Amino acid sequence: TSQYDADQMNDGWFVPSMPDLNQKNPHVYRYLVQNSFWWIEFANIDGIRMDTYPYADYDAMSNWMKELSEEYPNYNTVGETWVTEPAYTAWWQKDSKLSAPKNSNLKTVMDFSFFDKINTAKNEQTETWFKGLDRIYNNFVYDFLYPNPASVLAFIENHDTDRFLGEGNNLPMLKQASTLLLTTRRIPQLYYGTEVMMNGVKSKSDGYVRKDFPGGWTGDATNALTPAGRTKIQNECYDFYKTILNWRKGNDVIAKGSMVQFMVQNGVYAYARQYEGKTIFVMLNGTDAETTVPLKFYKEILKDSKQGKDILSGKAITFGEELKMGPRESLVIEL
């Protein structure tokens, strides 16, 4: 890049109303480090989401991360690296070979590539060539670039984006995206209100995607904190999240397991998580039509298994020659 562009990126103000602190000044830098220590001690926080991470001074941020880790080894910082190419994002993660000999010391980066692709895929029918959930497959093929893929943060929406539902209520697609988010090899980030299908788009305003959660205060017209205050479809959504999150809690296969993914077959994207002899097999029909997929494609994972249990429905899944899946159906199968 030109030196002019580099200077604008690193030393320019993000927007005119937000002053850019000179982190090259040792007194400013020391103040920021001490201020971080103070907040950690005062508020007993477990981590920081550091906004617009690449816009700050690289050396100062690297030293800041190093000092935080030395003082609080179990503390974590998530760096917002808003670019949708995995190579760019991986460059920023701690111990990246891409940025050597420099080291950012940043443990967790945000997977905007995953966000971008799942929000494109939701409007498509999955095909083998870069359509629908095949985009997700082609996101994860670049995991070899990350020093630690399990410490990358993934999300389907946040306070800076449209809600995943936009202004709609496509619950099957939301369930599918959330199943993927909560079972893949990433740290999942959830945005409040998604469990009751809150929606909104930024084209109306930032506030429209950051509306108050309905309920909890005197005078609220509705109270989505209780089953009675939620609609039938909202309760279905809430129960889905309750089921998968309680199952996920303390689940070492999801937290620590390896990941093997399979190329899309007949509209189905599938992957396995494995840890200490235990296997969870996820199958996602990324189309709006019923499909049948031959199970021979997954023999290396299924082996001689005759049956598994889908944790989402609680039903037994029988492994024959093929498996029929409903439109946008998601299966999380314990083998």
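Predicted model: local features only at pLDDT ≥ 70, side-chain atom pairs only at ≥ 80, totals over all residues.
Together with Trp-38, Trp-39 and Ile-45, Phe-42 makes a nonpolar surface patch of about 450 Å². Ser-36 also has its place in helix H2, which spans residues 26-43, but Ser-36 is buried, with a relative accessible area of 9%. Once neighbours within four places in sequence are left aside, the contacts of Ser-36 are with Trp-64 and Leu-68.

An open sheet of 3 strands is ordered S1-S2-S3, and its pairing is parallel. Its edge strands are S1, formed by residues 47-50, and S3, each of which pairs on one side only. Strand S2, covering residues 76-79, is joined to S3 by 2 bridges, and the two strands run parallel. Within this pairing, Gly-79 has Val-109 of S3 as its bridge partner.

The loop between helix H4 (86-91) and strand S3 (108-109) is the place of Asn-105, and Pro-101 lies in this loop between H4 and S3 as well. The peptide bond leading from Ala-100 to Pro-101 is cis, with omega near 10°. Asn-105, although it is not a glycine, has a positive phi of about 65°. Asn-105 is buried, with a relative accessible area of 15%, and its side chain is joined to that of Ser-62 by a polar contact of 3.1 Å. Leaving aside neighbours within four places in sequence, the residues in contact with Asn-105 are Ser-62, Met-65, Lys-66 and Lys-94. The value of 15% lies under the 20% limit, and Asn-105 is therefore classed as buried.

Helix H5, which comprises residues 112-121, is mostly covered, with 8 of its 10 residues buried.

Strand S6, residues 258-265, pairs with S7 in the antiparallel sense over 6 bridges, and Gln-265 has Val-268 of S7 as its bridge partner. The hairpin of S6 and S7 has 2 residues between the strands, and in this hairpin Asn-266 takes a positive phi near 55°. Strand S7, which runs over residues 268-275, is mostly covered, 6 of its 8 residues being buried.

Glu-276 has its place in the loop between S7 and S8, where its phi is near 45°, a positive value in a residue other than glycine. Glu-276 is exposed, with a relative accessible area of 68%, a value over the 50% limit, so that the residue falls in the exposed class. Positive phi values are thus found both in the exposed Glu-276 and in the buried Asn-105.

Ser-330 has its place in strand S13, which is formed by residues 330-334, and at 12% relative accessibility this serine counts as buried. When residues up to four places away in sequence are not counted, Ser-330 touches Gln-176, Thr-179, Met-283, Leu-284, Asp-310 and Leu-312. The C-alpha atoms of Ser-330 and Thr-52, which are 278 residues apart along the chain, are separated by 34 Å.

Terms used: Residues numbered from 1 in each chain as written. Heavy atoms only, no water. Helix = DSSP H or I, 4+ residues; strand = E, 2+ residues; numbered from the N terminus. Buried < 20%, exposed > 50% of the residue type's maximum accessible area, 1.4 Å probe, protein only. Contact = heavy atoms within 4.5 Å. Polar contact = N/O pair within 3.5 Å; in protein donor to acceptor, adjacent residues only side chain to side chain. Patch = residues over 30% accessible without salt bridge, like charges linked within 9 Å, V, L, I, M, F, W, Y side chains within 5 Å. Areas by Shrake-Rupley, 256 points an atom, 1.4 Å probe, with all protein chains shown as cover. Salt bridge = Lys/Arg side-chain N within 4 Å of Asp/Glu carboxyl O. Pairing = 2+ DSSP bridges.
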